[in-house]
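Subject: Structure handover

Dear colleague,

Here is the structure we spoke about. My notes follow below it.

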Amino acid sequence: MNHLFKICLLAVCLGIYWIQSAIDQKIGLFCSTEEVLYLPSANVIKKLSLGHNGLLADIYWMRAVQYYGGKRLKNERHFDLLEQLIEIATTLDPKLLHAYRFGSVFLAENEPIGANQPEEAIALLRKGIEHNPEEWQLHRDVGFIYYWFLNDYKKAAEAFLEGSKNPRAAIWMKTFAAELLAKGGSRQTARFLWQEVYQTSENQQMKDNAREHLMRLTAEEQIETLQVLIEKVQPRIGRKISSLDELVGLGFFKKRPVDPKGFAYILNSTTGKVGLSPASTIRRY
Amino acid sequence: MIVIPIAKNTFKECVRDKLLYNLVIFGVLIIASSLVLSSITIGEVKQIIVNLGLSTLSVFGTLIAIFIGIQLVFKEIDKKTIYSLLAKPVARHEFILGKYFGLTLTLLVNILVMLLGIYISIFYLRHSFQLADLQILLAAMLILIELMLVIAIALFFSTFSTPVFSALFAFCLYVIGHFSSDIRQYGLSSDSFAIKILSGCLYYLLPNFQNFEIISQTAHGQFLATRLYLLSVLYGLVYSAGLVLLAILVFQRRNFK
């Protein structure tokens, strides 16, 4: 009798394993946080937390990260809950700095990388500034979003200038604001900003993101140089260049020019424009 | 002082409940979960460990305080061991005090075990300690004061009510205590003079558990102002003393015939 119970127990365990595996196979290995908020009001959650709002803020922030990550992995373009999840996390713990900083990046980045909501990202950062006036980096992030995602250089300069009033702010903030007003959105200023993010970020994901953007800028520069070169060479040889291999044959390069990730650039023979290889993993906007 | 042997005995009873073994397992779970959490989120891992660790400590401490606290007196009456105890030269107030301090000692050990878990987690992830980490110890001590207040509430109810009702009353009071500022705010925003007075009375009469909400600040490495910290400790001790006194008064009037 005892053995029968043990066998039954083993059968139940195996059954559970089999059923769960079947469910997982059906819904996929990784599923993003479901599209339900349960409690949509941050203030209600805060009241119900009985003083454990810090832990709940961490949980909601974790949910936001998982939601964002899940959507990215599935290549989905709609991040409907993202803003609310971050809003709840930051209301539960208004000092949750990484939720403002990373959350604003998640919101501001263009689709499919982010939610394409730069205005909401700025509102989130403004909320962060209100609760953490001593954190100059939040001003920098506001300026950055105005600059990069909204191309509003005047407002970006204002944000950098505002942040520079903080005695702990980086010294480049003030001069950069002036430079921004004078030069606008040049590649030089963009490179400076991403370089700054890359060098000062302690978080690996933030660094990786900045490196991706820097690689993109490098690729843009290289494409421009190649384009200029082709336009100069064509009148000299008296015909249109149809492939970049021809430049190698003419002795301009030892091998076909490649982007920062090692993928060869391509030349569209119809339009005459140089571009990234379709296989290239350089981030496209 | 007969209070100490009763306290020791209460502590031994709690240990025999295998409560502490569960807590050790929980401490280990915190270490494991913080490692998992650090890999699925972005941000300061120490903050998560502190939030999770101190909240676990507080929630489990509260549950222990309520569910053991309500049985402290009831069990003795139910098993009729109270007769043999009170037949000895043990005053009723000594019995109550012994029970109270016995459970407090249990929770102190519980907190120390959990604290060890939190510090091990921090050390595992950072391979070093900083002076600011002492803040966690201070927060844990304030949580102990909060738990002493919860024990006092549970003990007070257990002197005249059944365990089920005692647990219910204690839990309700604990929840209401976290809404103290709302009660006061409601009164201040009301036009009615009677409501203003009533909410004012309730505000001061009910235990204000918001005074012990320190976890979030600790997680951000912010030190609570010394005066505020000491006042919170004092509030907890004075309120607990009041409740234990009330429990003694009720227990002294009880007739066990």
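How many Å separate the centres of domain 1 of chain A and domain 2 of chain A, taken over C-alpha atoms? The separation of these two centres is 39 Å. Domain 1 covers 33-213 and domain 2 covers 223-275 in chain A, with bounds that come from an automatic or database domain assignment.

The model is predicted: local features need pLDDT of at least 70 and side-chain atom pairs count only at pLDDT 80 or more, while totals for chains, interfaces and linings use all residues. Residues are numbered from 1 along each chain as its sequence is written, chains are lettered from A, and ligands are numbered from 1, both in the order in which they are written.

Overall form of chain A

The C-alpha atoms of chain A fill a box of roughly 95 × 55 × 25 Å along the principal axes. Chain A has 12 helices and two strands (DSSP runs numbered from the N terminus: helices are H or I, at least four residues; strands are E, at least two). From the N terminus on, the order is α-α-α-α-α-α-α-α-α-α-α-α-β-β.

Helix pairs

Helix H10 (residues 187-200) and helix H11 (residues 204-237) of chain A pack at about 155 degrees, their axes 8 Å apart (axes are lines fitted to C-alpha atoms, for helices over the stretch in contact; angles run from 0 to 180 degrees between N-to-C directions). H10(A) is therefore roughly antiparallel to H11(A) (the term applies to angles over 145 degrees). Among the residues that meet are Trp194(A) and Tyr198(A) of H10(A), and Leu214(A) and Leu217(A) of H11(A).

Helix H4 (residues 82-92) of chain A and H5(A) pack at about 170 degrees, with axes 11 Å apart. This angle makes H4(A) roughly antiparallel to H5(A). Their contact includes Ile86(A) of H4(A) and Phe106(A) of H5(A).

Contact with chain B

In chain A, 17 residues are in contact with 19 residues of chain B (C-beta atoms, placed from the backbone, within 7 Å). Helix H3 (53-74) and helix H5 (97-108) of chain A each supply at least two residues of the side that touches chain B. The largest share, eight residues, comes from H3(A).

Regards

Notes
Contact = placed C-beta atoms within 7 Å. Parallel < 35°, antiparallel > 145°, perpendicular 65-115°, else oblique.
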